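Visitor: Hi, I'm new to this one and would like a short tour. Could you bring it up on the screen?
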Amino acid sequence: MNFNVGGPSHLQYSISSSSSDSENDDEVRFLNHLQGFDTQAEVITRMCDNNNRLWAHYIAHQNNQVTHGGSIPGHIVINRDRENADRNLFTDYFAENPRYPNSMFRRRFRMGRSLFLRIFNAVAEHDNYFMQRRDGLGRLGLSGLQKMTAVFRMLAYGIAADATDEYIKIGESTTIQSLKKFCRAVVEVFAEQYLRSPNANDVARLLHIGKRHGFPGMLGSLDCMHWKWKNCPTAWAGQYAGRSGSPTIILEAVADYDLWIWHAYFGLPGSNNDINVLEASHLFANLAEGIALPAHYVIQGKEYNMGYYLADGIYPKWSTLVQSIHDPRGPKKKLFAMKQEGCRKDVERAFGVLQSRFAIVAGPARFWNKNVLHDIMTACIIMHNMIIKDERDVDAAIEDWMEAPTPEVEIAVDENTRFQEFLARHRQIKDKEAHIALRNTLIDHLWEEYTNSEN
């Protein structure tokens, strides 16, 4: 058998055929691979075109809308030239040789330049809102002096926020925000020092001055003031409407001979009377808790260790309040009524000076938020006390006072004992018989001083 018949030629044909098929497969795969690249490139191109069309549509849509440059839609941006306004303000009041003298600065800012700069530096350090910064375009924003000057224009003159734009070149919304932040900063920075309770030296000083006025043991005068709330919410109008018929908020205050306000309680609705405010306030809280500083004095040979305040006839007959006599009969009672009503005018004068210095608390309040009104009133009282301290040496030779050591107060550990002592002190504060006895003693004391002076 011949197995080689046709063998070599068949084998050659098979090899060539296999080689040809392999090359064809590679070519097909290569073509398919190229076609895949073309498909991906086409997809990417279509995606880019689609994105470009979307961006073009978005840009066209934005161009058709009304644009604004601030936080209020539709707000028109005004080039106020705040840089030149800042320079003019500095030249007018804060340069080394300012255009306006100190007297005009005092009249327009209600305080001296040194005190104003002290407040400015403390507030700017406490809140960086009053630090001058640059905006997104690199331009300098409003300076702290511009913001604070606008605030003082509103506080001192009681004008609307928009009225500060002509000179200071500041917007209405920025002025209102500056006012809120400034008052909050003043309360947080200065309240601990200028709205504190009297310390031992203060009590000794007040007792010394009270004795010179004929009232040993007097710590000040007590009264209330109403601030009209123009923008009181309608739902609260009935609650805050007092005897005037308009919504008001009550301020209870204690002032001394030089109009320093030692106690301020603000926030109760105007429908309350002075008795309700006294019951709600914290005037005698420390005294009832036994942590108040004692006030030692002697009248007609009798020793006392609890001071008192002068008040008008509406207040209750407590041992810590001395009232006048409604219809005095006889020279002794008439003299007492005249002296008491004269010294009690200290708090009335304090209210008048506070409202004349800061007209915003004299006119109707135009804010809606009660907390903002509380900050405004408290900040005005604090700055009122700062002005008194800054200018006290100019007023009178009434600085004769004695220093007193800080007393040590022992607090009982037993809760039941502490509660019983609290009740006893509370009853002592509201003791009507002690009130009458103290007033009669003061009547005799004043009459004795009067007759001795006449002799």
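Visitor: In what sense do strand β2 and β3 pair, and over how many bridges?
Guide: Keeping in mind that this is a predicted model, strand β2, residues 248-255, pairs with β3 in the antiparallel sense, over 7 bridges. Within that pairing, L251 stands opposite F266 in β3.

Visitor: OK, and what order do the strands of the sheet have?
Guide: The sheet is an open one of 5 strands with mixed pairing, and the order reads β3-β2-β1-β6-β7. Because β3 (261-269) and β7 (321-323) stand at the edges with a single partner strand each, one side of each is left without a neighbour in the sheet.

Visitor: How many degrees are neighbouring strands turned against each other on average?
Guide: The average is 30 degrees, with the direction of the strands ignored.

Visitor: Which strands does helix α12 touch where it packs on the sheet?
Guide: Helix α12, residues 331-357, touches β1, β2, β3, β6 and β7, and its direction makes about 45 degrees with that of β1.

Visitor: Switching to helices: at what angle do α3 and α5 pack?
Guide: Helix α3 (residues 102-109) and helix α5 (residues 144-157) pack at about 70 degrees, with their axes 8 Å apart, which means that α3 is roughly perpendicular to α5.

Visitor: And which residues make that contact?
Guide: From α3 the contact uses R107, R108 and F109, while α5 brings in T149, F152, R153, A156 and Y157. Sorted by class, the contact of α3 with α5 has 4 nonpolar, 1 polar and 3 charged residues.

Conventions
Residues numbered from 1 in each chain as written. Predicted model: local features only at pLDDT ≥ 70, side-chain atom pairs only at ≥ 80, totals over all residues. Heavy atoms only, no water. Axes fitted to C-alpha atoms, helices over the stretch in contact; angles between N-to-C directions. Helix = DSSP H or I, 4+ residues; strand = E, 2+ residues; numbered from the N terminus. Parallel < 35°, antiparallel > 145°, perpendicular 65-115°, else oblique. Contact = heavy atoms within 4.5 Å. Nonpolar A, V, L, I, M, F, W, Y, C, P; charged D, E, K, R; others polar. Pairing = 2+ DSSP bridges.
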